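Thanks for joining; I would like to take a few minutes on one structure, and I will go through its pockets and then a ring pair. Please have a look at it first.

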Amino acid sequence: MLKVTDLNVSYGAIHAIKDVSLEVNDGELVTLIGANGAGKTTILRTITGLQAAKSGKIEYDGVDLLKTPSHKIITLGMAHVPEGRHIFPDMTVAENLLMGAHMRKIDNAVLKDELEEVYEHFPRLRERTKQLAGTLSGGEQQMLAMGRAIMSDPKMILMDEPSMGLSPILVKEIMNIIKLFHKKGITILLVEQNAKMALSVADRAYVLETGRISMSGNATDLINDDRVKKAYLGL
């Protein structure tokens, strides 16, 4: 579904992403792990057109994303849950969720049904449907960002650090939702600093070190790899 080939990204004189190649097959949950500053967020931002690539190729369902404007990418069935959530703080929870569907041409009855489905996944959002999003807790804002992505009816979701800043209980809750989305057939590329958690839910994984892919393989193999244990699992 997604194929990144020999991707290079620079910030001025800084060569941030160096010949990165990775792929995500239809229905997979693939995780990209690595230390803070390794370039994980930059890769996701480049895939969704928020960051320019220096060279390389990114294909999604046969479409060249490097030639596709960022605002058009969501219409292809790809949603991005960014690091830091980036909800609309001065809009209500319901208004934020509806923004996720603003590019779709669907009638109000279908929209209402899909909004109800999001509330079933995230009961806390239903309780706060008329509350301004900026007043939500960090965990609730993460749920809102994920719910907004689901409202776009995606075939694939890119998730950037969904556990960041959350309590262990909320992290577990968010991970259960990610597993549920995966079970429903949504393809997921998950960027996560919590390597143990990410590897525990993923099918396959890539390890990014200073802008390069250093390892890749089945998640179960990598979670038992001594190098990964030492560098990322604290074992």
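This is a predicted model: local features need pLDDT of at least 70, side-chain atom pairs count only at pLDDT 80 or more; totals for chains, interfaces and linings use all residues.

How many nonpolar, polar and charged residues does the lining of the second largest pocket have? It has four nonpolar, one polar and five charged residues, where Ala, Val, Leu, Ile, Met, Phe, Trp, Tyr, Cys and Pro count as nonpolar, Asp, Glu, Lys and Arg as charged, and the others, Gly among them, as polar. Residues are numbered from 1 along each chain as its sequence is written, and side-chain values use heavy atoms, with hydrogens and water left out.

A pocket here is an open set of points on a 1 Å grid over the protein atoms alone, where a 1.4 Å probe fits, with protein on both sides within 12 Å along at least five of seven lines, and lining residues have an atom within 4 Å of a point. The second largest pocket holds about 170 Å³ of space, and its lining includes Glu 114, Glu 117, His 121 and Phe 181.

Phe 181 also belongs to the one aromatic pair found in a search of the whole structure. Its partner is Phe 122, and the pair is edge-to-face, at 6.5 Å centre to centre and 75° between the planes (centres within 6.5 Å, planes over 60 degrees apart). Both Phe 122 and Phe 181 are buried, meaning under 20% relative accessible area with a 1.4 Å probe, protein chains only.

How values were computed:
Rings of Phe, Tyr and Trp (its six-membered ring) pair if their centres lie within 6.5 Å; planes under 30 degrees apart count as stacked, over 60 as edge-to-face and the rest as tilted. Buried means under 20% relative accessible area, exposed over 50%, partly exposed in between (1.4 Å probe, protein chains only). Grid points are joined across faces, edges and corners, and a volume is the space filled by probe spheres set on the points.
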